[in-house]
Amino acid sequence: MASGKFITFEGGEGAGKSTQTRLLAERLRAAGHKVLETREPGGTERGEKVREFILSGKARNYGPLGEAVLFSSARDAHIQEVIAPALERGEWVLCDRFSDSTAAYQGAAGGVKPSLIRALERVAVGSDMPVLTLLLDVPVEAGLKRVSERNGAGEEEADRFEGMEQRFHEALRDCFLQIAAETPERSIIIDAQQAESAVAEAVWEAVVERLNP
Ligand code: Z5A
């Protein structure tokens with residue numbers, strides 16, 4: 001039985017997932033734990049190729065179901081090659097986005113049927129679900145403002161999903177909140193509108209409460 005802990009960060013655009021993944025990793029390392037930071041799409045060679053293919057918009061013609069299949073295929077490799085081995089070694093695995101993002105982006109906002117999304121999750125993830133999912137919840141306007149400020153600062157260009165209309169982003173937020181409400185055993189909602197340090201504190205409290213690092 002794997003002795004590591006698998007934690008995922010989820011949420012809409014600009015919620016602060018990458019920032020909080022990094023801050024939690026630092027805090028866990030300072031407490032003496034081995035930590036693997038990873039992300040989706042990405043985390044493996046195949047995952048990084050899928051990331052480039054989808055976020056550049058090249059997969060748009062395959063539709064949301066095609067994208068969901070690609071994300072799931074990359075996720076299967078990510079679990080087999082990276083996540084499961086690290087958990088076996090007893091490490092803490094922090095993943096910036098995971099299968100709830102497929103349910104939100106391709107399912108709720110993209111229109112792929114829930115039964116298909118569930119089937120893909122069963123096949124690609126099975127019992128390898130995270131023990132804790134931190135949903136960083138921020139109002140859509142606030143998250144998009146952060147992303148546009150970041151992009152405006154020349155750090156990155158808008159990708160395939162960032163440019164979608166407000167309705168799309170509201171559907172994402174509703175879906176993430178609904179998943180969290182339906183899976184209280186693994187999910188905690190964090191108010192991500194607060195300052196970075198306050199969010200980090202709330203994340204740490206959640207981790208201490210659930211996993212006693
Ligand atoms: N996707 C999908 O469709 N289906 C799937 O199954 C999966 C993914 C797994 C990945 O993009 C895209 O893939 C994603 C969903 C889709 N959609 N998009 N776009 P990505 O990895 O490039 O980006 P992201 O995951 O959407 O992250 P993000 O929205 O760009 O950012 P974030 O990680 O949530 O936040 P951040 O980078 O930590 O912070 C953003 C900015 O806000 C930055 O300038 C920070 O300094 C600032 N920030 C962070 N926290 C705060 C606070 N608390 N206050 C003020 N400012 C803050």
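**View 1. Helices α3 and α4 are roughly antiparallel to each other, because their axes cross at roughly 175 degrees.** Here "roughly antiparallel" is used for angles over 145 degrees. The model is predicted: local features need pLDDT of at least 70, side-chain atom pairs count only at pLDDT 80 or more, and totals for chains, interfaces and linings use all residues. Residues are numbered from 1 along each chain as its sequence is written, and side-chain values use heavy atoms, with hydrogens and water left out. Helix α3 covers residues 63-88 and α4 residues 99-108, and their axes come within 10 Å. Axes are lines fitted to C-alpha atoms, for helices over the stretch in contact, and angles run from 0 to 180 degrees between N-to-C directions. Helices are DSSP runs of H or I with at least four residues, strands are runs of E with at least two, and both are numbered from the N terminus.

**View 2. Zooming in on where α3 meets α4.** From α3 come P64, E67, A68, F71 and R75; across from them sit S99, T102 and Q106 of α4. Contact here means heavy atoms within 4.5 Å. By type, the contact residues split into 3 nonpolar, 3 polar and 2 charged. (Nonpolar is Ala, Val, Leu, Ile, Met, Phe, Trp, Tyr, Cys and Pro; charged is Asp, Glu, Lys and Arg; the others, Gly among them, are polar.)

**View 3. An open sheet of 5 strands, with parallel pairing.** Reading across, the order is β2-β3-β1-β4-β5. The edges are β2 (35-39) and β5 (187-191), each pairing on one side only. Two strands pair if DSSP finds at least two bridges between them. On average, neighbouring strands are turned by 20 degrees against each other, direction ignored. Strand β4 (residues 132-137) is joined to β5 by 5 bridges, and L136 has I190 in β5 as its bridge partner. Helix α1 (residues 17-30) packs on the sheet, touching β1, β2, β3 and β4, and its direction makes about 170 degrees with that of β3.

**View 4. The surroundings of the ligand.** There are 27 residues around the ligand, the closest being G14, K17, T19, R97 and T102; the cut-off is a heavy atom within 4 Å. Polar side-chain atoms also reach the ligand: R51 lies 2.8 Å from an oxygen atom, D159 2.9 Å from a nitrogen atom and R146 3.3 Å from a nitrogen atom.

View 5. Most residues other than glycine have a negative phi, and most peptide bonds are trans.

Definitions and conventions:
Angles under 35 degrees count as roughly parallel, over 145 as roughly antiparallel, 65 to 115 as roughly perpendicular and the rest as oblique. A polar contact is a pair of N or O atoms within 3.5 Å; within protein, one must be able to donate a hydrogen and the other to accept it, and residues adjacent in sequence count only if both atoms are side-chain atoms.
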